[in-house]
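Please work through each task before reading its solution.

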Amino acid sequence: MEVFTLINLFAPRFKELIKESNIKYEILAKDLGFDSKGTIAKYANGQFKDVGVSLVLKIANYFGVSPVWLIGLTDNRYYEIKK
């Protein structure tokens, strides 16, 4: 499994998405398939340093943002469709 490490923008961007959506940690944990809201809090507060690709994709899809933005590789929050 691929894991992103040392990407320090994931946690603040994830936390930002949660705050903007006004979703409760309990609901988000259930929707994303976590056992508890504590896991969501740990990701949002940067307590987990390794974030798997599948989790990044799941969160990005849930909030409708670019996974590349979520992990901090671009400042473009949304997908760009180029023709």
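**Exercise 1.** Determine whether Arg13 is buried or exposed, and find what its side chain reaches.

Solution. Arg13 has a relative accessible area of 10%. Buried means under 20%, exposed over 50% and partly exposed in between, with a 1.4 Å probe and protein chains only; Arg13 is therefore buried. Its side chain reaches the backbone oxygen of Trp69 at 2.4 Å. Leaving aside residues up to four places away in sequence, Arg13 touches Trp69, Leu70, Gly72, Thr74 and Asp75 (heavy atoms within 4.5 Å).

The model is predicted: local features need pLDDT of at least 70, side-chain atom pairs count only at pLDDT 80 or more, and totals for chains, interfaces and linings use all residues. Residues are numbered from 1 along each chain as its sequence is written, and side-chain values use heavy atoms, with hydrogens and water left out.

**Exercise 2.** Classify the ring pair of Tyr62 and Phe63, and state the accessibility of each residue.

Solution. Rings of Phe, Tyr and Trp (its six-membered ring) pair if their centres lie within 6.5 Å; planes under 30 degrees apart count as stacked, over 60 as edge-to-face and the rest as tilted. The structure holds 6 aromatic pairs. In the pair of Tyr62 and Phe63, the centres are 5.0 Å apart and the planes at 75°, so the pair is edge-to-face. Tyr62 is partly exposed at 31% relative accessible area, whereas Phe63 counts as buried at 18%.

Definitions and conventions:
Polar contact = N/O pair within 3.5 Å; in protein donor to acceptor, adjacent residues only side chain to side chain.
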